[in-house]
Structures are given as C-alpha cells and as structure tokens.
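Dear colleague,

Please find below the structure that I am handing over to you, together with its sequence. My notes on what was found in it follow.

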Amino acid sequence: MANISQNIKFLRKKKGLTQQQFADQVGIKRSLVGAYEEERAEPKYELLKTLALFFDVSIDDFINETIDEKWAPKPKGNPANLRVLSISVDKEDNENIELVPTKAAAGYLNGYADTEYVAALPKLYLPMFKQGTFRGFEIKGDSMLPLQSGTIIIGEYQENWADVKAGETYVIVSKSDGVVYKRAGNKFKENKKLKLISDNPVYEPYDINGEDVLEIWKAKAYISTHMPMPTPEPTMESLTTMMAQMQRSIAGLKGSN
C-alpha cells in the first residue's frame, strides 16, 4: 500500500497537477486523492487499472515498484510483468470464483479479457479460497487420468509466469491450444517453448510457444462427481513382485552391515 500512495503522489506532481485537478481528470473526489496519498485508503482494482492507464505505467509497477526519478519500467516482454485480468466481485466487493464450463471454453479465448463476459460466467462459492484470484475450469477428455472428464479444476491466477514449476499442474489458456489442464515439463522462460505433459501416458508430451500463452492458473483443488475406486485385491503377480522387492531390500541391508 505504501508504494501505491507514494506513486500516486509522485506521478501526480510529475504531471504538474493539484489534487483537485487530478481528481477531476480521473473522475474521483479530491478527498479520495488525499486519502490515497496519505495511506488512509487504498484504490479498488478497477480504479487501479484506471490510474495505471492514466499514468502510462503497468499495474505491476504501479503496485509493487517505488516510482521516482531513478525508476525505469520493465521491458514489456518481461514475464514478471502483471497481466491485466478481468474479474467480477460480489455485493461485498469480494472477488468471485468464476466457472468456465467446457461448452464455454471456446468463447473464453475471445472473452477472457472482457469484464462483461467474465461477469456473466457461472460462479462458485468456495470459502476456503479467500486470498488470491481463483477460477474454475471444467476439463474434457481422458488425458489427465485418473481425473475424469467433467472434473472442475480450481486454479489460482499466476501473475508471474516465471513462477511456473516443472512437475506441477496448471490450466493453460493459449491461442493455439485453447483451455487445457496439463503438467508443466519445464519452467516458463520468455520467448521459449513450454512443455505440457499429460498424466495419461497414452498421450505424448508436446510444446507450445510462450508467445501463444494468454493465462496460466496453478491447480489448487478439484471437484469431481467420480468417486475413487477401491484398491484392487492383490494378485499372485503383485505379491511375487512385493516379495522380490523385500528380498532385495533385506539383501541390501545385510550387505551394508
């Protein structure tokens, strides 16, 4: 919050505006400008976007950087830059958890940045997810077995794609592949390919270009109507394998002694 307050004050003065002039130009009350600059209040997300656009800085820099005479903006291609995400909020100004069903996946590619489109999506109420921005995606097909087709993946929005870790699962929204749920095969690097791996070994891993990626959501939970099957009874083959493994382990312990 301290960064936002200082940045508003610095950038306003750099433009040579009084608090009243600035308030008039961005369409807010002068008293709010004072409250923001004195850290008595914090702008809501929609106003943050308006202020960042007014000052011609990225939202990421506006929120997280100390903007002064020595400050320089990050290159636009830097994966650490914040991607502007359209969200909707409830009556208490809390972020909703929108659901993207499979039938809406194609339209999501065109409407993901449209506030009205996102606001019209179905909503999920999951009180355990309060900190962060979350969205539900219904998956289709059997590429991620044992998760069944129709499972809803709850993803947390990844602002910094450099945080993507190999081996973890994500919902990837891309121009070329649409909405998919896969395991990352490597860390995300600017202008490099991202390897996507299916948990079902029948499906081969494949690469997508980093420039095609629109959104990345880290999988945090899933909702499924398919209950897990009981553990199958051991067969003679599995028992023989277990005995062989135990014998090798015992032999190894004896050898170390």
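In which helix is the place of serine 5? Serine 5 sits in helix α1 of this predicted model. With a relative accessible area of 2%, serine 5 is buried, because buried means under 20%. Leaving aside residues up to four places away in sequence, serine 5 touches Tyr36, Glu37 and Glu39.

Leucine 11 is also found in helix α1, which covers residues 2–14. Its relative accessibility is 7%, so leucine 11 counts as buried too. The residues that leucine 11 touches, again not counting those up to four places away in sequence, are Phe55, Phe62 and Ile67. Threonine 240, by contrast, is 229 residues from leucine 11 in sequence, and the two C-alpha atoms are 73 Å apart in space.

The next topic is an annotation. The UniProt record, an unreviewed entry, places the feature "domain: HTH cro/C1-type" at residues 8–62.

Which residues of helix α2 are buried? In this helix, residues 19–26, they are Gln19, Phe22, Ala23 and Val26. These residues lie on the same side of α2, because they cover an arc of only 100 degrees around the axis. Glycine 27 follows α2 and has a positive phi, near 80 degrees.

One is glutamate 39, where phi is near 65 degrees. Glutamate 39 belongs to the loop between α3 (30–37) and α4 (45–55), and it is one of the residues that serine 5 touches. Is glutamate 39 buried, exposed or partly exposed? At 43% relative accessibility, glutamate 39 counts as partly exposed, because that value falls between the 20% and 50% cut-offs. The other residue is aspartate 56, with phi near 60 degrees. Aspartate 56 lies in the loop that runs between α4 and α5 (59–64). Its relative accessible area is 69%, so aspartate 56 is exposed, the cut-off being over 50%.

Another backbone feature concerns a proline. The peptide bond from leucine 145 to proline 146 is cis, with omega near 15 degrees. Proline 146 is placed in the loop between β3 (134–138) and β4 (152–157).

How much space lies in the largest pocket? The value is about 1100 Å³. This pocket is lined by 35 residues, and those closest to its centre are Ile87, Asn94, Glu95, Gly132 and Thr133. Helices α4 and α5 and strand β2 (123–124) each supply at least two residues of the lining.

Finally, a word on confidence. The protein averages a pLDDT of 85, and 92% of the residues score at least 70. Over residues 76–82, however, the pLDDT is below 50. This stretch has 18 contacts in the model beyond near neighbours in sequence. Where pLDDT is low, the predicted coordinates should not be read in detail.

With kind regards

Methods:
Residues numbered from 1 in each chain as written. Predicted model: local features only at pLDDT ≥ 70, side-chain atom pairs only at ≥ 80, totals over all residues. Heavy atoms only, no water. UniProt positions renumbered as here; feature names shortened; annotations may be inferred. Helix = DSSP H or I, 4+ residues; strand = E, 2+ residues; numbered from the N terminus. Buried < 20%, exposed > 50% of the residue type's maximum accessible area, 1.4 Å probe, protein only. pLDDT = per-residue confidence, 0-100. Contact = heavy atoms within 4.5 Å. Arc of directions from axis to C-beta. 1 Å grid on protein atoms, 1.4 Å probe; cavity = no way out; pocket = protein on both sides within 12 Å on 5 of 7 lines; lining within 4 Å. Points joined across faces, edges and corners; volume = space filled by probe spheres on them.
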